[in-house]
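I am opening my notebook on a new structure today. Come and look things up with me, one entry at a time.

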Amino acid sequence: MTQKELRSYRLNSSEEPTDEMLHAIMLGVQETARKSTIKAEQELNRRFKEMENNVKRRRQIQQK
């Protein structure tokens, strides 16, 4: 199945998708979900690191 064929199909279409179409759609969903999860984990790690650095700075200021 070509990308053009896949993009032209809509799930709300009156025709049922083929098994090949469903497989291609689900692979796309899988890839999107994987990328989204990685991006969310990276953002969470960035925020934790930022908070950690803020706590370290405040402790250094309080110790002086």
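These entries go from the whole chain to single side chains.

**Entry 1: what I am looking at**

I note at the start that this is a predicted model. I looked up the secondary structure and found 2 helices and 0 strands in the protein. One of them is helix α2, which covers residues 19-63.

**Entry 2: overall dimensions**

How far does the C-alpha trace span along its principal axes? I read about 70 × 20 × 15 Å for the protein. Then I checked the radius of gyration, which is 23 Å. For a compact globule of 64 residues I would expect a value near 11 Å, so I looked up the rule behind that expectation: 2.2 Å times the number of residues to the power 0.38.

Leu27 and Arg47 are 20 residues apart in the sequence, and their C-alpha atoms are separated by 30 Å. Leu27 lies in helix α2, and Arg47 lies in helix α2 too.

How much of the protein counts as buried? I found 8% of the 64 residues. The protein exposes about 6,300 Å², and 53% of that comes from carbon and sulfur atoms.

I looked at Leu27 again here. Its relative accessible area is 42%.

Leu44 belongs to helix α2. With 46% relative accessibility, Leu44 is partly exposed.

**Entry 3: charges**

Next I counted charged side chains: 14 are positive and 10 are negative. The centres of these two sets lie 18 Å apart. I then looked for salt bridges and the count came to 7. I followed some of them up one by one.

*Arg34 and Glu31.* These side chains meet in a salt bridge, with 2.7 Å from N to O. Why can I describe them as about one helical turn apart? It is because they are 3 residues apart in helix α2. Both ends are partly exposed: Arg34 has a relative accessible area of 43%, and Glu31 has 31%.

*Arg47 and Glu43.* Here the closest N and O atoms of the salt bridge are 2.8 Å apart. The two residues lie 4 residues apart in helix α2, about one turn of the helix. Glu43 is partly exposed at 29% relative accessibility.

*Glu52 and Lys49.* This salt bridge has an N to O distance of 3.6 Å. I checked it against the cut-off, which is within 4 Å, so the pair counts. Glu52 and Lys49 are 3 residues apart in helix α2, and about one helical turn separates them. Glu52 comes out partly exposed at 36% relative accessibility, and Lys49 is partly exposed at 43%.

**Entry 4: looking back**

My page now holds a predicted model with 2 helices and a radius of gyration of 23 Å. On helix α2 I followed Arg34 with Glu31, Arg47 with Glu43, and Glu52 with Lys49.

Methods:
Residues numbered from 1 in each chain as written. Predicted model: local features only at pLDDT ≥ 70, side-chain atom pairs only at ≥ 80, totals over all residues. Heavy atoms only, no water. Buried < 20%, exposed > 50% of the residue type's maximum accessible area, 1.4 Å probe, protein only. Areas by Shrake-Rupley, 256 points an atom, 1.4 Å probe, with all protein chains shown as cover. Lys, Arg positive; Asp, Glu negative; His and termini not counted. Charge placed at Lys NZ, Arg CZ, Asp CG, Glu CD.
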